[in-house]
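Hi,

Here is the structure I said I would pass on. Have a look, and my notes follow below.

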Amino acid sequence: MKTKLLGELVDKYGALCARMAKLDGEKQELKALLTSSGLPTIEGRMFRVTVRVVERSCVDIEAVKAILSEAFLAQCMKTSAAAVVRCVARNGKE
């Protein structure tokens with residue numbers, strides 16, 4: 001791909017990330033309001049939400065590493081590749 005086209009894609013991607021961040025903030029505010037209602041189900045004209053408080057457990061990997069040997073951990077670990085795209089606004093400085 002040509003550099004100009006890639007630059008346009010970068011700008012489009014960044015603008016989309018900014019819009020999504022704003023929407024996610026609005027979504028989190030609404031979620032907090034709905035959760036604080038204390039109601040398990042809330043009806044709108046077009047949508048219905050259900051609110052549940054759930055517990056979740058996760059493994060503290062640092063605690064596991066302190067207890068188990070590196071060799072044992074290596075036998076239990078899975079590794080996979082993932083693409084990471086980080087987008088930041090340019091400040092006009094090169």
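Let me start with charge pairs: the structure holds one salt bridge, a term I use for a side-chain nitrogen of Lys or Arg within 4 Å of a carboxyl oxygen of Asp or Glu. The partners are E43 and R48, whose side chains meet at 2.6 Å, N to O. Both E43 and R48 are exposed (buried means under 20% relative accessible area, exposed over 50%, partly exposed in between, with a 1.4 Å probe and protein chains only).

Before you read on, some ground rules. This is a predicted model, where local features need pLDDT of at least 70, side-chain atom pairs count only at pLDDT 80 or more, and totals for chains, interfaces and linings use all residues. Residues are numbered from 1 along each chain as its sequence is written, and side-chain values use heavy atoms, with hydrogens and water left out.

On the overall fold, the protein has three helices and two strands, in the order α-β-β-α-α from the N terminus on. Those are DSSP runs numbered from the N terminus (helices: H or I, at least four residues; strands: E, at least two). The radius of gyration is 22 Å, well over the 12 Å that the globule rule gives for 94 residues, so the protein is more spread out than a compact globule. That radius is taken over C-alpha atoms, and the rule is 2.2 Å times the number of residues to the power 0.38. Along its principal axes, the C-alpha trace spans about 50 × 50 × 25 Å.

How much of the protein is buried? Buried residues make up 3% of the 94. The protein exposes about 9,700 Å², with carbon and sulfur atoms supplying 59% of it (Shrake-Rupley method, 1.4 Å probe; for residues, only the protein chains shown count as cover).

Now the largest pocket, which has a volume of about 160 Å³. A pocket here is an open set of points on a 1 Å grid over the protein atoms alone, where a 1.4 Å probe fits, with protein on both sides within 12 Å along at least five of seven lines; lining residues have an atom within 4 Å of a point. The lining includes V10, D11, Y13 and G14, along with V85, R86, C87, V88, A89 and R90. By class, that is six nonpolar, one polar and three charged residues.

One of the lining residues, R86, sits in the segment after helix 3 (70–76). R86 is exposed, at 73% relative accessible area, and its C-alpha atom is 22 Å from that of K27, 59 residues apart along the chain. A83 lies in the segment after helix 3 too, and is exposed at 79%. Between A83 and L33 there are 35 Å, C-alpha to C-alpha, and 50 residues in sequence.

Lastly, D24 lies in helix 1 (residues 3–36) and counts as partly exposed, at 39% relative accessibility.

Cheers

Notes
Points joined across faces, edges and corners; volume = space filled by probe spheres on them. Nonpolar A, V, L, I, M, F, W, Y, C, P; charged D, E, K, R; others polar.
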